Amino acid sequence: MQGKPVSSGPVTARDLVTLADLGPDAPDPGEGHIFSISPDGRWIALQVRKADPDANGFCQALVVLPADGSGPVRILDRGGELILSRSDMLGRAGVATGLVRTIEPVWSPDGRRLAYLKQTHGAIQVWVAEADGSRSRAATSGVVEVDRFAFDADGRTLVVALRPDLTAEREAIKREERSGFRFDARISPGAGAVPFPRPGNRHAYFTVGEDRRMIPATPGQIARLGSNEAIQSLLSQHGSRIALAPTSGSPLQPIVRLQVQDDKGRIWPCADIACTGPGLVAWWMPGGRHVRFLRREDPAKSVTAVYEWRPGARHARRLMATTALLTDCQPHGNELYCLEERSLDPRRLVHFDPSNQRKSVLFDPNASFAALRKSRVKRLFARNSFGIETFGDLVYPLGYRVGKTYPLIVVQYTSRGFLRGGTGDEFPIQAFAARDYFVLSLQRPDALALTSNARTSEEAETQLLNGFRDRRSVLSSVENLLRPLIVQGLVDPARIGITGLSDGSSTVQFAAVNSTMFAAGSASGCCWERSQDFLLSEGIADHFARSGWPRLLDKRKDFWKRISLAQNARDIRFPLLLQMADTEYLGALESFTALREAGHPVDLYVFRDEHHIKWQPAHKLAVYERNLAWFDFWLKDVAPPGGTERETWIRMKRDWQSKPRSAARTELPSSPINPHGTEAHPSRPLL
């Protein structure tokens, strides 16, 4: 899976696309673990996948390795199709966003075999592989999709959960096709004319033996599907329980305090401030006398720390801290296993001993990536106009020379972990740096910091939309991180680009209407316009209306003047590239058509069989390379080598430059630059 060693050249778009991946780009904790530790603690299992843009597919393998790093990786199974995550949302079932599903290998109680999900010919089944690598086989058949599964106590029989309601809905939709689909809340026009199934919560439970016969499961067998390691880790062998009790914060993001309830019901709260915060993760140490926990620290939550606390003690002891992104951390004995990624290092499996801060890399499927020349990274911090602190990672041009001024590209909207392509992975950060750009990778400011005791997501969205508070907050963070770089002479203020997918594309759109700091933009998952009311679905439109978005009949020119590209087409600040999935591009057509009619430089590309997040390797590479070419053209005046893009973009630029320049394109950046070159909040180096 690691492939042949690479040269020591600069990072290219292809290098980034073909990296081996461990788990999804943005893991969902509700989907399970990315890796699994055997019952005896000696082995670790996980799935590895590697994209092949030439074949437009993936090489996938289930592997096991010694937990102490003492031996080689053993491949148990290869092949299968990529499984995309699907969820139920706003009255629709099985909605795919393009995110990869977490494939958790599950050990049998005796540690002799592993069960896992595998998709072939469009059907998701449970497969079983022997841990010694002797064979792998499909354990279920004849069903479209297994929802959940577990081993029974004998270590050979499987307990599986199916969704008969969903299967029945899909069959009903096929029958309905003959008489025509009634247009209702099941249909999202932008995603196609076929209705989505309605969500159903009923499950059917069966056991499956080696003969693949499905027998109704008993209540005791069904209970095995509900086993939760996270809950079990909160209970010590002495009967004491860890509790994370809410103390303050909003209902959507409560601030919790670590406390312990002993077997006699007595409460032992931890009074140390370190024991309080959002998103604490805690577990018992062997013997049940100490608790360890993970927390994010500093005002921007850019540091992850491990603490240890003895119930009854006044203080917790900080064992280690890191700016690396730690994912799916699992304790075993005194040790901690995590997936770790750093700004310049893709995700890998590591082992920590927090008590002495020792770390070892157990499995790095991209070890040869270290040989490539990569640009250095500096972490910057800033407060925005709402007083919210966030950070950005400044990636230097690969050939950086002191005293030279460079163009810069903003990539959004998370910057924790490996700097690959931003959220959605469409904007190749190190490949930009290799082309002599600064890149500012933004960590989005916390939106919930702007809300006041919102109890539901709709209440929060209403507060964030009021006066476009959230959009102003994000744009302010971007601009406040950029201004010192301009003042210091690092960045050319006339050559700054901005990119984004999803929430990031909203920032691109808002900047196009409300900022004069940017000279070119690229977005995916765009755009907010009046037409969204009928392009999405009845359920989504109702949700947006409850959150404060105008209905189609409301018109509300005052509202749309603050964000709509169509309503501001003649005054948009910069050329815009749109690269869209075929299930979403209709949402960009109002903006695209208005900009084109206004003679504004805009280009739109549509990718077939894609979702909100593009998953096909060939498409990913094409998106990367077009973004490189787009910013080279608009920020460096370097045209593509040939073909339709070259002719179209040159004509686009010539026509735009021949028009009288509007004030929107000649003003200085929208916010004043400090002539003395001081920062409101100084940058801090990486720890």
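Reply: The model is predicted. A search of the whole structure turns up 3 disulfides. With bonded cysteines counted along the chain, their pattern reads 1-2, 3-4, 5-6. I take the links in that order.

Start with Cys 270 and Cys 275. Their sulfur atoms sit 2.0 Å apart, and the two residues form a disulfide. The angle about the S-S bond is 50°, and the link is right-handed. Cys 270 is buried, and Cys 275 is buried as well.

Next come Cys 329 and Cys 338. Here too there is a disulfide, with 2.0 Å between the sulfur atoms. The link of Cys 329 and Cys 338 shows 115° about the S-S bond and is right-handed. Burial holds for both Cys 329 and Cys 338.

Then there is the pair Cys 526 and Cys 527. Their sulfur atoms lie 1.8 Å apart, which means they fall within the 2.5 Å limit for a disulfide. About the S-S bond the angle is 105°, and the link of Cys 526 and Cys 527 is right-handed. Cys 526 is buried, and Cys 527 likewise.

Cys 59 has 34% relative accessibility, so it counts as partly exposed. Buried would require under 20%, and exposed over 50%.

Now the chain around these links. It holds 15 helices and 35 strands. Its radius of gyration is 26 Å, close to the 26 Å that the globule rule gives for 687 residues, so the chain is as compact as a globular protein of that length. Along the principal axes, the C-alpha atoms fill a box of roughly 80 × 70 × 55 Å.

Burial is next. Of the 687 residues in the chain, 53% are buried. The chain exposes about 30300 Å², and carbon and sulfur atoms supply 50% of that area. Contacts also reach along the sequence. Take those between residues at least 6 apart in sequence: 60% of them join residues at least 24 apart.

The chain carries 89 positive and 77 negative side chains. The centres of the two sets lie 3 Å apart.

Gln 430 belongs to helix H5, which spans residues 429–434. Its relative accessibility is 2%, so Gln 430 counts as buried. Beyond its neighbours within four places in sequence, Gln 430 is in contact with Val 11, Leu 344, Lys 374, Ser 375, Val 395 and Leu 419.

Ala 321 is the other. It lies in strand S23, residues 317–322. Its relative accessible area is 34%, so Ala 321 is partly exposed. Leaving aside neighbours within four places in sequence, Ala 321 is in contact with Val 303, Thr 304 and Ala 305. Tyr 307 is 14 residues away along the chain from Ala 321, and their C-alpha atoms are separated by 9.0 Å.

Back to the links you asked about. The search found 3 disulfides. The link of Cys 270 and Cys 275 is right-handed at 50°, that of Cys 329 and Cys 338 is right-handed at 115°, and that of Cys 526 and Cys 527 is right-handed at 105°.

Key: Residues are numbered from 1 along each chain as its sequence is written. Side-chain values use heavy atoms; hydrogens and water are left out. Buried means under 20% relative accessible area, exposed over 50%, partly exposed in between (1.4 Å probe, protein chains only). Helices (H or I, at least four residues) and strands (E, at least two) are DSSP runs, numbered from the N terminus. The radius of gyration is taken over C-alpha atoms; the globule rule is 2.2 Å times the number of residues to the power 0.38. Contact means heavy atoms within 4.5 Å. Accessible areas come from the Shrake-Rupley method with a 1.4 Å probe; for residues, only the protein chains shown count as cover. Lys and Arg count as positive and Asp and Glu as negative; His and the chain ends are not counted. The place of a charge is taken as NZ of Lys, CZ of Arg, CG of Asp or CD of Glu.
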